[in-house]
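Hi,

Here is the structure I said I'd pass on.

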Amino acid sequence: MRRLMVSILIVLALVSCSFPIREADALKVSQKKLEGHIVVELRDVMNSSCYDDGIEGNGEGGWLDSGMNDFHTYPPLDFGAKLHRGYFFDFVDPATNNGKNLLMTGTDDVWPDMPRTVNLTGLKARGKFIFVMHSEPGIEDNDVQSGGKLKLQYADGGVAELDLRKGKELDRWFQGPWWDSYEEANADAPELLKESECDPTQFEKLGGQNFAETVLKYATAVRWPVTQGENAVSHSWDVPVAFWALKWKNPNPDKTITGISLESSGATVIGIAAITITDKDFSLDRQTLGKPQRPPEPPAGYFTSVWGENRELNQKLIEQIWTKGLWDVTLRSDRIVTLHVDHMARPRKFQDADSYVISSKDDPNFREGVHPVKISRFSKAARCRDIGPHQNRFYVDHWLHLEMPFPFQLGATYEVELVGDILPESDKLTRSMSFALDETPNPSFKLNQVGYSNAATKKLIYLSSYLGDGEPVDLEPFKTFEVRDAKTARKVYEGPIVKVSDRDPQGLDKLYVLDISDFRQEGKFYVWVDGLGRSYPFLNGDAAAEEMYRVSHTGIFFQRSGFEMKQPWAGKWERPMAHDKIYVTKDNLGSPPFDEGVEDPDDENSDYYVPDGPREIHGGHYDAGDYDLRPMHINVPELLMSLYEGCPKKFYDGQMNIPENHNGVPDILDEAAWNLLSLEYIQDYATEVQGLDGGVAPGMESYTHPVPGQGMGRDPLPYFMRKVSAYFSFSACAAFAQAARLFKPFDQERAARYLRRAERAYAYAVAHKDEPLGSLGQAGGQNASPNQFQSAWCWAAGQLYSTTGEREYLDAFLQRYKDARGGVAGSISRWGVLWGVMMTKRDVAPEVRQEMKEELLRAADRNVEWVEENGRKGYRAATPKGGGWGNTSGLVSNIEPAARAYLLTREQKYLDAVATSTDFSLGMNPSEMSWMTGAGSVYPMDPCNLNCTDDGVLEPHPGILIFGPTNYWESGQCILYPDKAKMGFYRRVVDGWLFIEGSEYTVWTPQAPFLFGVGMLLPDVE
């Protein structure tokens, strides 16, 4: 899904038409001289428009027939015969030319009725340079590096041609970085210019005051953007779309040009907007441009005003209950109420106080209905849906903070109503809701929305009030808080409100803390502050730990592959059996190269032909929104089994609603065994089909990822067994050996089976230890460095020794343990590699055991110090310094040494670090939401999970811990209002599956590590 969604950056409509390919026609054109330049008059031969009609794929629109994904941009295109960013072009307004302003070529897939070659005749012109204003959509054949050729025909019969290289003379209309262009440096250009990729921030180092001066001195532009702006689709990615000026220095300026032709390679569509022949080199005369600047941000509601309300689409969204109008109401203080509205609300009405009426039969000040005196707003991209003519759309939600002239009174009920035309007419849209100061929650209280385990001695609730573009609520007057029983509203605890920081690093707020560490009472509660109201409810005690664990384990259970999700386990998320077939090539080929085209295993001409067809497979856990089984998934059984081994009294048979409960085995081990089941099938096929006795391949993969609409067993892709390798055979050996040890008290026959598999895998790996490490097939944790290979060997040997006590395995472990750095299979850390020996009761040299322990504790103490440091300035949690892919929500992943140190030593400081980091992920964070579906009061509703997207159930299945904020969003694509720099990194949480970087997750991180952490908080059971 992640790699697929990178391609969705450019949403293209591939028009399915059966028109024959047209041969090249001679198109007679004229020319005119304007301001000393010869302009080729294209009006009569133009065949398309830079604008579409808003209906995707109807075969009648312009540009790419992609609906709103066209050149309706902000800023709007500026037409006319004049300088366009320093280049003279006659850019035709389609409104003045029967809706046409482009001469386009086609491909077999896109606009197949358009010509492949365009021949312009009738010219009689001379000039030193030819400039072509054009754009191309980036429909690429990876094997074709040229988009075509541009040719000049001369009066003497001669021809000159220019190769249109992709990424150089031609480039995508989705510009990428807003400063992107293509320059060719001269001989005097310093290396820094060549390495800068035209980043304007680098130019001052070159001695130039701005981009134009630097390029003028050292290079000349080959391709330069002459229009820039964001459209309704590219705006979500903060990427401009552009028309380009292509410069070609005429090889024969003394000859008369009689024709110009464009011969497309068929690898891309090319749209020509204008051609200018001139003696002036515009690329060397651009001082008037000054320093390039990012295109301005579109005003709120701009694209709605361009495209209209799109009533047909809105009606479909309303029918699917994917839009409500008004979603919920919360309180910020006794004067401020917050309305959460969706994309149906009209932004132009947001600041109109008359759009809101608050009334109350109980409060005389509000009896006649009152309008707010001040309105603040926070907006961000939200749910995504493929509905109607505009595909792959995201929608924007808004939080409107209404400050009232009078305070709300305790005991009174109020109704807030959206009036006027802030919402379109529909009796299915919610327009009003009731609230009460003593009943409606205030999101300013940042707490673990599931609850707090008494296993932790640090239990914190934070307080800050963010109002988007408004001033934060002044919290200085509030000095004390109460904890109240959720049923009786009786005060059961109280404490002081303590200021932490004037500007915490996670949310850029004035931050306060409410310490409930000494509150030990079991039950369900909420926090109350006079003047601010109440928090979301939370559990306290063992029930909180059990609920956190239940939801987390459920999230992994719902990722089972080759499994029919049915009652009594499925709840409302039933799905049929799927991915229970795997193709096994006779030769050890592995899965096909990813993204290199279709591979049909039933085609006798395919390298991946499997004559006997697919074989049965069950077990394993899906990667994320995808259905592949990947090498990194080996950490799922490792973490679950290591957690059980470290604290077995916390887990039991019947603990979870899974098929294996009441089979005599603790359910956490049953979940680990399901993961290993796929490797059992794979080991058997490696032996039976490929003759690789004991070898194990790291899961299965197809040649691409599935797409929306292919959930719930509708995935048509074939899945192939990956390549068997000694490296992964060691990894599988370690997991089998650990399982053999842990299952022995419950199922001796199964334990013996696991041990035989471990020994066979180990023998295979040792026998093939000299195989090339760089040729193991697809990457993603399968290929290994020499150190990773030795680490895998060390892991396998250590687990086998802990299980069998055989000296040869200990010797192999001791030979490698100092240099075993982890990274095994892309997911197993050094601590996982050493864990079998660190925890074993068998004899190990005391100095070796002590050395490993001290190293682990040093790392764990650094974890604790980092958590404590964060707590002195902001939220006490293991928030990462960076924010890379997948490491923001899975805070337990960031402090794995501390988690393992607790299992080894039972020191409370390590458990507290894990507990407060868990709290952060479940709502004790600036985003005011839990990042795990089904956990708490406010959680993601549109994670990147195909089954959830396609199952027809509005709410996703529980237990999906999305990635959350990430530095991949630094472009601002997910934050619409206000600017991201004003809201803090940890508010950048977008609940929409198209925003893959934040709404995706994987079973190996953060899912399994999070379960590893919350499992430690469970109470012991007899």
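Lys128 touches Trp248, Lys249, Asn250, Pro253, Thr278 and Asp279, leaving aside residues up to four places away in sequence; contact here means heavy atoms within 4.5 Å. Lys128 also lies 8.0 Å from Pro251, C-alpha to C-alpha, although 123 residues separate the two in sequence. Where does Lys128 lie? Its place is the loop between E7 and strand E8 (129-135); helices (H or I, at least four residues) and strands (E, at least two) are DSSP runs numbered from the N terminus. Lys128 counts as partly exposed because its relative accessibility is 44% (buried is under 20% relative accessible area, exposed over 50%, partly exposed in between, with a 1.4 Å probe and protein chains only).

Before you go further: this is a predicted model, with local features needing pLDDT of at least 70 and side-chain atom pairs counting only at pLDDT 80 or more, while totals for chains, interfaces and linings use all residues. Residues are numbered from 1 along each chain as its sequence is written, and side-chain values use heavy atoms, with hydrogens and water left out.

Now the sheet. E7 belongs to an open sheet of five strands with mixed pairing, in the order E1-E7-E14-E9-E10; two strands pair if DSSP finds at least two bridges between them. Strand E1 (26-28) and strand E10 (159-165) are the edges, each pairing on one side only. From one strand to the next, the twist averages 20°. E1 runs parallel to E7 (residues 117-125), with three bridges between them, and Ala26 stands opposite Asn119 in E7.

On to the helices. The axes of H8 (residues 667-688) and H9 (residues 726-743) come within 11 Å and cross at roughly 135° (axes are lines fitted to C-alpha atoms, for helices over the stretch in contact, and angles run from 0 to 180 degrees between N-to-C directions). H8 and H9 are therefore oblique to each other: under 35 degrees counts as roughly parallel, over 145 as roughly antiparallel, 65 to 115 as roughly perpendicular and the rest as oblique. Among the residues making the contact are Leu676 and Leu679 of H8 and Phe728 and Phe736 of H9.

The axes of H13 (residues 830-839) and H14 (residues 846-873) come within 11 Å, crossing at roughly 140°, so H13 and H14 are oblique too. Trp831 and Trp835 are among the H13 residues in that contact, and Met852 and Leu856 among those of H14.

Cheers
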